[in-house]
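Subject: Structure handover and notes

Hi,

Here is the structure I promised to pass on. My notes follow below it, so please have it open while you read.

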Amino acid sequence: MDTKTLIIGLGNTLLQDDGAGIYVAREVKKQIQDCHNVDIVEASLGGIGLLDLMQGYDIVFIVDAIKTANSVPGRTLRCNVEDLGKPTYASGPHFLDVRTAVELGTRCGYKMPRHIEIFAVEIIDNTDFSESLTQEVEKAIPLLAAEIIAEIQKGS
Amino acid sequence: MKKISIDPVTRLEGHGRIDIFLNDAGDVANAYMVIPELRGFEKFAQGRRVEELTDITPRICGVCPEAHHMASTKACDNVFHVDPPPTAKKLREMFYSAFYVADHTVHFYILGGPDFVMGPDAPVAERNILGVIHKVGVEVGTKVIESRGKAMDIIGMLGGRKIHPTFGLPGGVSKKLSEEERRQVEATAREEIEFALFTLQLFKDVVLANKTYLDMILSAPFTMPTYYMGMVDENNKVNFYDGKIRVVDPEGKEFVKYNPADYLDVIAEKVEPWTYLKFPYLKKVGWKGIVGGKDSGLYQATPLSRLNASDGMATPRAQEAYEEMYKTLGGKPVHNLLATHWARLVELLYAAERLLELSTDPEITNPHVRNIPTEKPTEGVGVVEAPRGTLTHHYTTDERGIVTKANLIVGTTNNYGPISLAVKQVAQAVIQKGQDITEGMLNRVEMAFRLYDPCFGCATHTLPGKMPLEIRFHDEAGNLKNTLSRNL
């Protein structure tokens, strides 16, 4: 059976570098327009909303901006969803992170993707209003897109 | 004066925290919730075409974008002075009812449920949705996700996609409902009614049948009389989509009932120097500080407020649930903050019943779903009940429809003062001199904040999102003496 892959570009394109994940997804879509069994969506969602998207896929790549303790803007990172640590027990729907959402789906007996990987680009700030990216992050978009495409081609 | 800080920092935009000030005797003197809510959307909207705002403003929140979409759509109707055809209004309300079913279901099981089903003193590792599933059964967890999923399918069906649907337009909606789709909505609605009834029964069996929980609901720290706000129809029954805004006083008497366009005659906002978020209050009562009661202009806008401000529910089974709630809690209005969770379930049942009513309405598949605007755009206000409170969008444009000014009062904004007051009340009750601070005390303070399900988020995700909580205790000299924290 063919492997079904979903690429989710996450972010808010009104908040400058917060939209990085969506721009990467658009770049991937431009380059793999007729790729069989690969779907690409843009989402500005949190937590449980991601479960809706993941249903029915074997592999999911989540593409997102990330802020770390020592952020180097434009640096790209990859990790599996399990690498995000333990589920963090949300105190409300606004605080349900992807790790906990995946755990929730699994515990409820949902057929979750066998592999969920995060592709991220580091940013400094996601609170400025702008519909364009900062220079360092913009340079990272095609690089991260290329990593994702390479991963897809490896699997096909 | 000692200061205790609770820092629910990470998931909020910028830094939000709760500061608790102890006096020298060690009792809580005051508590403040400091929030830097991002008001940037009001500025960002300027210079945009007004009809774009139905697509832009949903990005204020990744959990309840439908509420902003609907308020914005209604504001655009009024900017263009166009009245949508009846079928369009019914389809909008159908869409909105589906949203309420999804949102309220998830909210109860992920937020309210853990505190009651597991208990406020349960270990953190168990006091969450995963603990609830373990206690009530995996099949319940599955039903929660399925129930939400089916409701979101309706959103996607009507709006073209579940994520930021393109549904509302000035003068109507973007698509009609086919008979096949109508049958799907009807079938889902019937299932959602059953699940809402199940959830209400679960609440009764697990919460109300437990004297400890019932006592907590009725306890003084969690009792806070204020004014109450909610949208009502022409019969003063709760309506999430359209109507007038009704406010009742702490004794339950109608204080004012206003048209959405007149909100500035009723509500003003107080600026305090120590927080970026302004405090809405009732103009005619006046700003008296962060205090409750009839002489203070603070009001609440929550599921409980909506029920308090109404004369009932417009659907039969929700009305029964409404009557049972008020009978159990001693009549109207109810000032017990934790009853908000119960009120939310009454609303869940109403939303499901309303979904069924609309899906079986003879007009619902009528193809006439939009009246094209013909008037010059000027100014308009759109109000809906967001799950977390009355949501107001107010736009002013030039003659081309370019936004010159936008004002948004988000659901949670209404509750900013009451949240601070509730936290202070509970903190005063649980943090007393000479006592060690326990996890249970910390959680009770957090419960006072959490029952409002505050929506301060403007971004839509984080890796990982969490609710870190820290209480810092300082001695009289201001030195950090002790810290109680979690999720940091």
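How many bridges join strand 13 of chain B to strand 14 of chain B? There are six, and strand 13 (residues 389–397) and strand 14 run antiparallel.

Before the rest, some housekeeping. This is a predicted model, in which local features need pLDDT of at least 70 and side-chain atom pairs count only at pLDDT 80 or more, while totals for chains, interfaces and linings use all residues. Residues are numbered from 1 along each chain as its sequence is written, and chains are lettered from A and ligands numbered from 1 in the order in which they are written.

**Chain B overall**

Chain B has 15 helices and 16 strands (DSSP runs numbered from the N terminus, with H or I over at least four residues for helices and E over at least two for strands). Of its 488 residues, 57% are buried; that label needs 20 or more other C-beta atoms within 10 Å of the residue's own, with 12 or fewer counting as exposed, anything in between as partly exposed, and C-beta atoms placed from the backbone. Among contacts in chain B with a separation of 6 or more, 69% link residues 24 or more positions apart (a contact means C-beta atoms, placed from the backbone, within 7 Å).

**Strand 6 of chain B**

Is this strand buried or exposed? Six of the six residues of strand 6 (residues 227–232) of chain B are buried, so the rest of the structure largely encloses it. In a regular strand, side chains alternate between the two faces of the sheet. Here both faces are covered, with Tyr227(B), Met229(B) and Met231(B) buried on one side and Tyr228(B), Gly230(B) and Val232(B) buried on the other. Strand 6 of chain B runs parallel to strand 11 (residues 299–300) of chain B, joined by two bridges, and Tyr227(B) stands opposite Tyr299(B) there. With strand 7 (residues 244–248) of chain B, strand 6 pairs antiparallel over five bridges; in that pairing Met231(B) stands opposite Ile245(B).

**Helix packing**

Helix 7 (residues 179–208) and helix 12 (residues 339–359) of chain B have axes that come within 8 Å and cross at roughly 160 degrees. That makes the two helices roughly antiparallel (over 145 degrees; under 35 is roughly parallel, 65 to 115 roughly perpendicular and the rest oblique). Residues making the contact include Val185(B), Ala189(B) and Ile193(B) of helix 7 of chain B and Trp342(B), Leu345(B) and Leu349(B) of helix 12 of chain B.

Helix 6 (residues 138–159) of chain B also crosses helix 7 of chain B, with axes within 10 Å and an angle of roughly 150 degrees. Helix 6 of chain B is therefore roughly antiparallel to helix 7 of chain B.

**Core and chain A**

The largest nonpolar core holds 190 residues, of which Val63(A), Val346(B) and Leu349(B) touch the most other members (such a core is a set of buried Ala, Val, Leu, Ile, Met, Phe, Trp, Tyr and Cys residues joined through C-beta atoms within 7 Å). Its largest share, 16 residues, comes from helix 4 (residues 86–118) of chain B.

Gly74(A) lies in the loop between strand 3 (59–66) and strand 4 (76–80) of chain A. Gly74(A) is buried, with 22 other C-beta atoms within 10 Å.

Best wishes

Technical notes. Pairing = 2+ DSSP bridges. Axes fitted to C-alpha atoms, helices over the stretch in contact; angles between N-to-C directions. Contact = placed C-beta atoms within 7 Å.
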